[in-house]
Amino acid sequence: MTQFGDRLMLIGGELVASEGGEWITSVNPATEQVIGRAPAGTAADVDRAYDAAAAAQPEWAAKSIWQRAGYLHKLAAAIRERGEEILQLEASDTGNTIKLLAGDIVISSAMLQYYAGLGTEIKGDTVPASGGQNIHFTLREPYGVTARIVPFNHPFMFEAAAIAAPIMAGNAVIIKTPETSPLSGGILAELCQEIFPPGIVNLVSGYGIPVGDRIARHPKIRRIGFTGSVGTALAIQRSAAEICIKHITLELGGKNAMIVCADADPDAVTKAAIGGMNFAWAGQSCGSVSRLMVHESIYDDVVERVAAKVSALKLGDPLDPTSEMGPVNNKAHYDRILSFMASAKQEGAKTVTGGDVPKGEQFERGFWVEPTVYGDVTMDMRVGKEEIFGPVISAIKWSKLDEVIAMANAVDYGLTGAVWTNDLQVAMTTARALETGLVWINGTQAHYVGTPFGGWKDSGLGREECVEELVSYTQSKAIHILL
Ligand code: NAD
């Protein structure tokens with residue numbers, strides 16, 4: 001028996017294994033030890049989940065928003081109650097360090113409560129379209145059965161938060177959990193089984209193909225929310241387009257720029273650059289400011305300070321609250337990050353700190369890489385333009401504002417950006433010029449719930465963490481009363 005045992009899926013109110021009988025074994029990325037299993041779902045499992053969801057959804061949609069909100073509040077409370085257990089499992093299964101990972105429990109439960117409180121925003125408009133004698137108004141109605149596909153970096157938090165908007169809007173939902181780090185989905189399945197009517201929330205584990213692809217191709221699932229990589233997003237759009245018209249929103253990657261002007265305080269910049277790189281999850285965060293673009297007058301000072309802090313980060317057991325960085329999530333991703341490190345060397349980036357695997361007995365097994373800062377990076381290098389999704393900062397020197405803005409925008413991504421200056425004119429000019437869905441002025445890292453999160457260009461479509469997410473799980477119907 002493994003440490004966390006076999007975790008099950010939730011389909012139609014039952015905790016089940018896959019009908020195919022296969023399992024995914026999950027390893028602790030810090031040790032490579034097998035710690036548990038999750039069912040390797042099949043297309044037939046997705047179809048079972050769809051059938052159960054479709055049967056249950058009309059009754060759910062008929063409930064009042066206050067009743068639906070009550071269920072979400074119950075789930076939020078249940079998550080907090082089992083928070084410590086979820087944290088231990090999640091840190092072991094993802095490699096994310098436990099001290100900051102505790103925030104995922106708070107956020108999961110807060111997102112459920114946030115959407116529970118937004119029920120009256122599922123509202124329409126009245127439109128004076130034809131003079132006083134007629135009435136024209138819109139209703140917002142659920143899609144029916146919706147699905148959401150979740151990545152590996154914060155599985156529990158993304159899965160729990162993904163339930164909120166569709167369910168509040170009167171839909172049933174199928175959540176596809178990631179194939180690496182699938183175990184916490186089993187706890188969420190247990191909680192949802194206790195709380196929701198059968199079929200309203202379903203969790204299906206498994207690989208992208210067949211599970212994710214069956215969701216994309218299912219002819220009756222018309223609304224999909226996807227969080228993950230650009231390549232998978234394109235595959236989902238292609239698969240769906242072969243079948244029928246679907247509303248697909250996409251939360252994808254980033255190659256986010258932090259533009260530091262000459263007047264910025266190097267100390268504050270250093271803290272924000274480190275925080276903004278999310279080393280607590282080995283940089284595996286879509287919003288990480290992985291391009292540190294510093295004005296030439298303070299470049300050496302800032303890069304030196306950042307490198308000093310990065311090299312002092314404490315790598316270690318994700319379960320140890322003093323660890324500041326753990327391993328990266330899985331072997332394939334580890335190999336990918338090492339290939340970026342090799343390309344940085346080949347392409348002439350200066351290794352300021354890191355750039356290798358850490359030495360020592362503790363790091364002999366597991367997917368460990370050093371937290372890294374590259375200097376003198378240029379935009380033609382892979383580490384200058386591609387998303388690494390690892391603990392790697394690429395420092396870039398600039399001299400003219402229009403040139404750095406052009407460099408910041410010279411990638412296909414457009415998720416987040418930051419500008420550091422006390423000159424309001426420069427701050428606003430830069431913020432407006434950045435081709436991203438979010439800009440921090442003198443900030444990094446934080447999400448502000450209620451404000452839209454999402455990307456431009458290849459970073460995505462649609463907005464989450466705000467009313468728009470809730471409304472996007474409804475479709476509008478115009479009604480004309482001719483008097
Ligand atoms: P991924 O695209 O490899 O996988 C994401 C999910 O898609 C997994 O559940 C996977 O099983 C599924 N999938 C894979 N192939 C599929 C297919 N053909 N059809 C349907 N589903 C399929 O992404 P990942 O490696 O798990 O996550 C890292 C990526 O996610 C990074 O690019 C990161 O920036 C992005 N991300 C974005 C956000 C955001 O909010 N914008 C948040 C977190 C992560």
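**Helices and residues: a friendly chat**

Colleague: How far does the backbone oxygen of Gln-284 lie from a polar atom of the side chain of Asn-153?

Modeller: A polar contact is a pair of N or O atoms within 3.5 Å; within protein, one must be able to donate a hydrogen and the other to accept it, and residues adjacent in sequence count only if both atoms are side-chain atoms. For the backbone oxygen of Gln-284 and the side chain of Asn-153, the distance is 3.0 Å.

Colleague: At what pLDDT do side-chain atom pairs count?

Modeller: Residues are numbered from 1 along each chain as its sequence is written, and side-chain values use heavy atoms, with hydrogens and water left out. This is a predicted model, where totals for chains, interfaces and linings use all residues, local features need pLDDT of at least 70, and side-chain atom pairs count only at pLDDT 80 or more.

Colleague: Is Asn-153 buried or exposed?

Modeller: Asn-153 sits in the loop between β6 (145–149) and α5 (155–168); helices (H or I, at least four residues) and strands (E, at least two) are DSSP runs numbered from the N terminus. Buried means under 20% relative accessible area, exposed over 50% and partly exposed in between (1.4 Å probe, protein chains only). The relative accessibility of Asn-153 is 6%, so Asn-153 counts as buried.

Colleague: Which residues does Asn-153 contact, leaving aside neighbours within four places in sequence?

Modeller: Contact means heavy atoms within 4.5 Å. With those neighbours left aside, the partners of Asn-153 are Asn-96, Phe-158, Gln-284, Ser-285, Cys-286 and Phe-389.

Colleague: Is α3 roughly parallel or oblique to α4?

Modeller: Axes are lines fitted to C-alpha atoms, for helices over the stretch in contact, and angles run from 0 to 180 degrees between N-to-C directions. Angles under 35 degrees count as roughly parallel, over 145 as roughly antiparallel, 65 to 115 as roughly perpendicular and the rest as oblique. Helix α3 (residues 83–94) packs on helix α4 (residues 98–116) at about 125°, with axes 10 Å apart. The relation of α3 to α4 is therefore oblique.

Colleague: How does α2 run relative to α4, roughly parallel or roughly antiparallel?

Modeller: The axes of helix α2 (residues 65–81) and α4 come within 8 Å and cross at roughly 170°. That makes the relation of α2 to α4 roughly antiparallel.

Colleague: And what is the relation of α13 to α14?

Modeller: Helix α13 (residues 401–409) and helix α14 (residues 424–433) pack at about 30°, with axes 10 Å apart. Their contact joins Leu-401, Ile-405 and Asn-409 of α13 to Val-426, Thr-430 and Ala-433 of α14. The angle makes the two helices, α13 and α14, roughly parallel.

Colleague: Is Thr-249 buried or exposed?

Modeller: Thr-249 belongs to strand β10 (residues 247–251), and its contacts include Arg-223, Phe-226 and Tyr-473. The relative accessible area of Thr-249 is 10%, so Thr-249 is buried.

Colleague: Is Ala-129 buried or exposed?

Modeller: Ala-129 is in the loop between α4 and β5 (134–142). With 57% relative accessibility, Ala-129 counts as exposed.
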